[in-house]
Amino acid sequence: MTPHDSISNTEDSPLCQAHIIDGRAESVRILDQIAQNIKSRERPPCLAVILVGDNPASHVYVGQKIKACAASGIKSVECRMDEASRFQDIYAVINRLNQDPNVDGILMQLPLPSGISEAEQSALIELIHPQKDVDGLTTANIGKLMAGQRGLIPCTPQGALHLIKTVQSDLTGLHAVVIGRSLLFGKPMGQLLLSENATVTMAHSKTRDLDKICAQADIVVAAVGRPRMVKGDWIKSGAIVIDVGINRLDNGKLCGDVDFDAVRPIARAITPVPGGVGPMTIAYLMANTLKAYELRLLNP
Ligand code: NAP
């Protein structure tokens with residue numbers, strides 16, 4: 001049981017506001033733990049980040065990742081490549097990093113420029129050595145997750161599960177609804193919840209009566225990319241609501257996939273956007289880099 005296990009929002013206390021799960025504070029704790037762990041190592045783990053092109057959001061995300069490396073004592077190497085880079089150019093860089101014994105983790109910031117087709121992007125992801133695949137996106141790592149074997153798991157679902165468990169440590173028998181079935185998030189999230197013995201419903205754009213399905217859930221995880229899609233009357237009193245969506249509004253502000261103000265009086269706990277799942281993704285990228293380093297020590 002965690003200290004939050006006793007928090008509940010019941011029909012007897014309708015005016016109660018949900019606990020806001022602070023992803024920023026939790027991510028700082030994780031980075032501190034990683035920094036402590038690394039202090040005793042012979043050399044720091046090293047993360048190589050491949051950034052292709054001029055996408056402004058990608059530059060911001062890579063900047064945040066490099067900053068987190070510094071905060072956790074991980075060495076970072078940036079491989080910046082021109083917008084006009086071709087498949088073969090990126091292929092050569094990944095090959096070099098795969099063979100470099102001083103590189104533990106390789107992250108290729110997505111999306112790649114439009115000159116690289118989806119099939120080429122998939123082939124490049126697949127080229128990353130599974131032991132260095134800190135995004136957990138190669139089929140080898142996806143297969144390990146499905147099989148319950150030790151591998152590298154995508155960062156955002158790990159971060160989302162961590163936040164759920166700050167509120168409710170035992171998920172056995174709880175009904176979790178995951179909205180969104182992407183390879184990057186929804187599918188691995190469903191798998192992680194299943195491995196915690198939750199009963200998992202995967203929802204997507206073709207799901208019927210999504211509001212009614214969500215209304216039965218103890219945990220709702222939304223990863224769609226539609227601003228404030230999940231309404232207050234979709235949520236069961238006392239549910240845990242995890243908002244993964246990042247949407248930029250016309251006024252420049254960010255919002256999630258959950259109507260925060262409408263859901264907060266009903267839920268037991270909720271993540272904000274920004275400041276919820278986002279910082280945890282970066283913290284788990286650092287955790288994955290440390291894990292990749294350890295996996296390579298075991299299997300050089
Ligand atoms: P994605 O690949 O576009 O997948 C979106 C999913 O939502 C799809 O499975 C789609 O269903 C489903 N969907 C679309 N419209 C729907 C509807 N009306 N009802 C129910 N489901 C619907 O997106 P993603 O990469 O998973 O990302 C989702 C969101 O999370 C985005 O806002 C993204 O920016 C955010 N995100 C945040 C982080 C973070 O660090 N915080 C990390 C990753 C993603 P179909 O499969 O049927 O098309």
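Modeller: Asparagine 288 counts as buried because its relative accessibility is 1%, and the cut-off for a buried residue is a value under 20%. The model in which this is seen is a predicted one. Asparagine 288 has its place in helix H10. A polar atom of the asparagine 288 side chain lies 2.9 Å from the backbone oxygen of isoleucine 153.

In total, 20 residues surround the ligand, and the closest are Arg181, Ser182, Ser205, Ile246 and Thr281. By type, the shell is made up of nine nonpolar residues, nine polar residues and two charged residues.

In the side chain of arginine 181, an N or O atom is 2.7 Å from an oxygen atom of the ligand. The side chain of serine 205 likewise has an N or O atom 2.6 Å from a ligand oxygen atom. With isoleucine 246, the backbone is involved: one of its polar backbone atoms is 3.1 Å from an oxygen atom of the ligand. On its own, the ligand has 930 Å² of accessible area, and the protein covers 70% of this area. Finally, as to where the ligand sits, the space that it takes is the largest pocket.

Definitions and conventions. Residues numbered from 1 in each chain as written. Predicted model: local features only at pLDDT ≥ 70, side-chain atom pairs only at ≥ 80, totals over all residues. Heavy atoms only, no water. Near = heavy atom within 4 Å. Polar contact = N/O pair within 3.5 Å; in protein donor to acceptor, adjacent residues only side chain to side chain. Areas by Shrake-Rupley, 256 points an atom, 1.4 Å probe, with all protein chains shown as cover. 1 Å grid on protein atoms, 1.4 Å probe; cavity = no way out; pocket = protein on both sides within 12 Å on 5 of 7 lines; lining within 4 Å. Sits in = over half its atoms within 2 Å of the grid points. Nonpolar A, V, L, I, M, F, W, Y, C, P; charged D, E, K, R; others polar. Helix = DSSP H or I, 4+ residues; strand = E, 2+ residues; numbered from the N terminus. Buried < 20%, exposed > 50% of the residue type's maximum accessible area, 1.4 Å probe, protein only.
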